Amino acid sequence: TWQVLAIYMFLAANLSEQQALKQACPSCDASQLCNCSSMGLDFIPLGFPAKITVLNLAYNRIKHIQSQDLQQAVNLRTLLLQSNKISSIDDDSFQSLAKLELLDLSNNSLAHLSPLWFRHLFSLQHLCLQGNSYRDLGQSSPFSSLRNLSSLHLGNPQFSVIRQGNFEGIELLHKLWIDGSNLSQYEPGSLKSIKAINHMIINIRNSNIFSEIVRDTLHSVTWLEVTEIKLPVETKSLVQNSTGPFRIQKLTFKEAFFTDQTLSRAIVLFKEISSLKVLEAINCVLDGKGRWNTKEIARSRESFVETVTIIKAMIQNFHLFFDLKGMESQITKLKRLTIASSNVFMVPCNLAKNFLSLLYLDFHDNLLVNNRLNETICKGSWPSLQTLNLSQNSLKSLEQTAEHTSRLPNLNNLDISQNNFGEIPDACEWPKHLKYLNLSSTQIPKVTKCIPLTLEVLDVSGNNLKEFGLQLSFLKELYLTRNQLKTLPGAAPIPNLVALSVRRNKLNGFSKEEYVCDSPLAVRGAQVGAVHLSLMECHRSLMVSLICVLVFLVILLLVAVGYKYHLVWYLRMTWAWLQAKQKPKRAPPKDVCYDAFVSYSENDSDWVENTMVRELEQACPPFRLCLHKRDFVPGKWIVDNIIDSIEKSRKTLFVLSEHFVQSEWCKYELDFSHFRLFDENNDAAILILLEPIQSNAIPKRFCKLRKIMNTKTYLEWPAGEEQQQMFWENLKGALKS
């Protein structure tokens, strides 16, 4: 029918727009993901299909987001616009994105934030606004409509002011990240409107603001992470008039600067936060020698901190650091301590004896040596310790290391890997209850009875072992990776073994009498030497894998062919055509909204929109025309839009030209040439010939078009102005008939 013709011609008219989109975003085709990143785009291309859920426009040169740019992307879940040059956004640019969950506008040129941008983003969970040029968040909250927001990243080097009310509307956040390196003004209470924040990261240098933020977040933040701060000598209480219970449990400092004085005062103040359990310092600098005010610290209340982690601490002249005498009473309740990559070479015995509750101690990547280990692990030290990590130090004697650790009565987990022992004695003294021992990458050439018999897990990977013949009755896991083994260890000496790792060795055999089969089920439990399986039985999983791979490749091939030849598009078009055939040819008079639906090539849009539309819609009486750019419903499938528009129009205008018949759209219609595109007795279709078309210029597959042009009158656009007036009269008469 003529309705189907309109569908096809309209699709042709839109192909130039689709081709432009395809050139801008080659990956945006038959997929729910459009990757348009790093394409040098100066604007957001039009024509994104409604079905896309992920749109990546990052790393382009986009400067402005306009109202219509994303109007049709109604199913979008992720929109990435970071690292452009965006300086302005129309207020209703995101109006149709009610399903959007992630919006990234970071690293652009936004000088202000408007709440109007986000007012329709009811589903938004993740918002990234860092790296722009705004100095504040405005007088009110730009986030008042974002009730489902989970993570917020904001701030920049110019960001300097946070006001009360800036975070109104946000109740719960999983993560809040603020780049406030030059934050100079913080109104107390600004963050109190957020009831709960799991993890807050703030880059801040103003020490006074740090104290205000801690006071405001005592009841909301679970983990507070502060970077680049130079810790102040705070005289006021961090708690002041606040009452518990507090929420903050973990406090992390990264790239911070401390002095002996500021650190002493901080220890006293942190004790006031009864909920604080974990303290971390990563890549921090201490300008001091450990001359802390131990008397003030001892007079203050009991510490509630159970875990302390210090990684890559830089202490100038660390070898002159004091022994922290007077701090003994402050460490008795500590349960976990990590001091890694920080040039630790010893712990004074008196201090070590007061870690009464410590269960976990990690000293990896330091400067511990054997002659200092005698002081660090002296008799009576670390009485409750269960796990000790001394890996990546400078220990040279395995015998002395074993002897020193044997002083730890409750130790069951010991990691001394990546120390250069080189030799292993025939016998060693170890902790009586040791169950896990890591000796990997220690350059030992063999294993001897120095290995404790109590072990359940042993790791000797990365050494020079050529054999393993120890009898370890309790061993459950054995790691022998990266050695020189030629045969598997015997099974009888390790009867309870559950896991064995022997990757990257030189294995060429094993004892078939000692090992039993685990699979297939039919031979499980039988000795390997007594079982003879066919090639198919031995490689059944491989055969299944190959079949699965072949099936997958066939499916992949079918998908690729369908994608290349747009089979899904054809199926949807066929379904739409069949539905159109089921509908009445004419809509009831009350449903007719337009005098004509206009189908034209995008290349002829200038004549249609600026000449024909002006002439007809400004006539007396005016004609109502339906144009796809103006009158289609955003988000609705294009074919449904076409069918509905034709049914609501009295006539259909087809604007034919060389642009249309020579366009690349013809290949899409090849499989539809058997449909009856024209009803020669139907006068609802009006043909306008915009320019002369040679009959041999029309593709042969459009034989019906050539036939109807030879048998039915059409209007031809004249070159002269006098004839043009007659053309308009004839066209208006045809529309009225």
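Predicted model: local features only at pLDDT ≥ 70, side-chain atom pairs only at ≥ 80, totals over all residues.
View 1. Gln316 belongs to the loop that runs between β19 (314–315) and β20 (336–340). Leaving aside residues up to four places away in sequence, Gln316 touches Leu286 and Gly288. The C-alpha atom of Gln316 is separated by 8.5 Å from that of Val285, a residue 31 residues apart from Gln316 along the chain.

**View 2. The open sheet of five strands.** The strands of this open sheet follow the order β29-β28-β30-β31-β32, with parallel pairing. At the edges stand β29 (625–626) and β32, each of which has a single partner strand, so one side of each is left without a neighbour in the sheet. Helix α17 packs on the sheet and touches β28, β30, β31 and β32. The direction of α17 makes about 145° with that of β30. Strands of a sheet pair through backbone hydrogen bonds, in either a parallel or an antiparallel sense.

**View 3. Strand β30 and the two strands with which it pairs.** Strand β30 covers residues 649–656, and seven of its eight residues are buried, so the strand is largely enclosed by the rest of the structure. β30 pairs in the parallel sense with strand β28 (residues 594–599) over five bridges. Within this pairing, Phe597 has Thr652 of β30 as its bridge partner. β30 also pairs in the parallel sense with strand β31 (residues 685–689), again over five bridges. Here the bridge partner of Phe654 is Leu687 in β31, and Val655 stands opposite Ile688 in β31. In a regular strand the side chains alternate between the two faces of the sheet.

**View 4. Aromatic pairs around Trp717.** The structure holds 15 aromatic pairs. In one of them, the rings of Trp607 and Trp717 have their centres 5.2 Å apart and their planes at 70°; because this angle is over 60 degrees, the pair is edge-to-face. The pair links distant parts of the chain, 110 residues apart: Trp607 is in helix α12 (residues 605–617), and Trp717 is in the loop between β32 (715–716) and α17 (721–736). Trp607 counts as buried, at 11% relative accessibility, and Trp717 is buried with a relative accessible area of 18%. Trp717 also pairs with Phe727: the ring centres are 5.1 Å apart and the planes stand at 85°, so this pair is edge-to-face. Phe727 lies in helix α17, 10 residues apart from Trp717 in the loop between β32 and α17. The relative accessible area of Phe727 is 4%, and the residue is buried.

**View 5. An aromatic cluster and two charges over rings.** One aromatic cluster is formed by Trp117, Phe118, Phe143 and Phe167. Elsewhere, the charged end of Lys250 sits over the ring of Trp223, at 3.8 Å from its centre. The charged end of Arg336 sits over the ring of Tyr360, at 4.1 Å from its centre.

**View 6. The disulfide between Cys349 and Cys378.** The count of disulfides comes to two. One of them joins Cys349 to Cys378, with an S to S distance of 2.0 Å. The torsion about the S-S bond of Cys349 and Cys378 is about 90°, so the disulfide is right-handed. Cys349 lies in helix α6 (residues 349–352) and Cys378 in the loop between α7 (370–376) and β22 (387–389), so the pair ties together parts that are 29 residues apart in sequence. Both Cys349 and Cys378 are buried.

**View 7. The disulfide between Cys428 and Cys450.** The sulfur atoms of Cys428 and Cys450 are 1.9 Å apart and form a disulfide. The torsion about the S-S bond of Cys428 and Cys450 is about -95°, so the disulfide is left-handed. The loop between β23 (413–415) and β24 (436–438) holds Cys428, while the loop between β24 and β25 (457–459) holds Cys450, so the pair ties together parts that are 22 residues apart in sequence. Cys450 is buried, with a relative accessible area of 1%.

**View 8. Cys593 and the closest cysteine sulfur.** The closest cysteine sulfur to that of Cys593 belongs to Cys626, at 9.0 Å, too far for a bond. A disulfide requires sulfur atoms within 2.5 Å. Cys593 is partly exposed, with a relative accessible area of 36%.

How values were computed:
Residues numbered from 1 in each chain as written. Heavy atoms only, no water. Buried < 20%, exposed > 50% of the residue type's maximum accessible area, 1.4 Å probe, protein only. Helix = DSSP H or I, 4+ residues; strand = E, 2+ residues; numbered from the N terminus. Pairing = 2+ DSSP bridges. Contact = heavy atoms within 4.5 Å. Phe/Tyr/Trp six-rings, centres within 6.5 Å; stacked < 30°, edge-to-face > 60°. Lys NZ or Arg CZ within 6 Å of the ring centre and 35° of its normal. Axes fitted to C-alpha atoms, helices over the stretch in contact; angles between N-to-C directions.
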